[in-house]
Amino acid sequence: MKAILNFFLSIRTAYWFFVFFAVIMLWGSIALPGNLAFFSGIDDTPLFRWLSEAGNIGTTWWIYGLIAGLGLFALNTLVCTGEALLFRVGRINTIARLSPQIMHVGVLFVMLGHLLTASMGMKLDLDIRQGETKLVAEGAAITLVSVREELDANGYAVDWEAVLRWSNGGKTGEVRSLRPAHPLHMGSYGIFSKSVNVDNKGSSALIRVSRDPGAPWALLGGVLLCLGGAGFVLARMNG
């Protein structure tokens, strides 16, 4: 056990983890441009789901390598931070000693947030006609109540609005208006407007429903990073 701890506490270990990660990223930057069609949907689906559906381990292996590299970085950071908090932080220069560890904890929370989003997140595009109801997930559904589109003199859309009704578990919720660059938050879901279509045959809207369970953890990590960085700068200025 001591040998394992010493391995993860060594600065050389962190260095070689970094080299491993950099090599995998370099390979990915070379492999990705040659397979743009294959990787085209990677931004529209949570990562782990995309990997399970994409298959073709011969093309995606470097992504698994990146995940493994991040896992090694996280473990290395966790061990080093734990050791520093237990044995190095004292009453002398507490802010200077504690600030880097707060930043490390922030990084770990950011990584946790990305892990949760990649494993349990959701992105779903729904093309709904006016008056239609479509199931989102877990009993939640969206009904398109009405659609409004504003056109300029040349017939191009300059603004649009989709009025939605949210229902969950059989209970009908409030009616809210969805517009471009003004997403809605209903329950644990974010709803984004992509486009609308208004014609004589009936109106419809294309919306994206997403769930990002890692966002609060990533936000917490960002706050800790800022606090740790501010404390580090303050300690340096006073030192």
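**Briefing: helix packing and chain layout in a predicted model**

Helix α1 (residues 2-9) and helix α2 (residues 11-31) pack at an angle of about 60 degrees, and their axes are 5 Å apart. Here axes are lines fitted to C-alpha atoms, for helices over the stretch in contact, and angles run from 0 to 180 degrees between N-to-C directions. This is a predicted model, in which local features need pLDDT of at least 70 and side-chain atom pairs count only at pLDDT 80 or more, while totals for chains, interfaces and linings use all residues. Residues are numbered from 1 along each chain as its sequence is written, and side-chain values use heavy atoms, with hydrogens and water left out.

**The α1 and α2 pair**
- The two helices α1 and α2 are therefore oblique to each other, given that angles under 35 degrees count as roughly parallel, over 145 as roughly antiparallel, 65 to 115 as roughly perpendicular and the rest as oblique.
- Phe7, Phe8 and Leu9 in α1 meet Ile11, Thr13 and Phe17 in α2, where contact means heavy atoms within 4.5 Å.

**The whole chain**
- The protein chain holds six helices and eight strands, which are DSSP runs numbered from the N terminus (helices: H or I, at least four residues; strands: E, at least two).
- Read from the N terminus on, the elements of the protein chain follow the order α-α-α-α-α-β-β-β-β-β-β-β-β-α.
- Along its principal axes, the C-alpha trace of the protein chain spans about 70 × 45 × 40 Å.
- Of the 239 residues of the protein chain, 31% count as buried, where buried means under 20% relative accessible area, exposed over 50%, and partly exposed in between (1.4 Å probe, protein chains only).

**Asp159 in a strand**
- Asp159 lies in strand β4 (residues 157-168) and is buried, because its relative accessible area is 13%.
- Leaving out residues up to four places away in sequence, Asp159 touches Arg148, Glu149, Glu150, Arg179 and Pro180.
- Asp159 and Ser195 are 36 residues apart in sequence, and their C-alpha atoms are 9.8 Å apart in space.

**Two loop residues with positive phi**
- Asn56, found in the loop between α3 (47-54) and α4 (57-87), has a positive phi of about 50 degrees although it is not a glycine.
- Asn56 counts as partly exposed, because its relative accessibility is 42%.
- Ala181, placed in the loop between β5 (171-178) and β6 (184-186), has a positive phi of about 65 degrees although it is not a glycine.
- Ala181 is exposed, because its relative accessible area is 75%.
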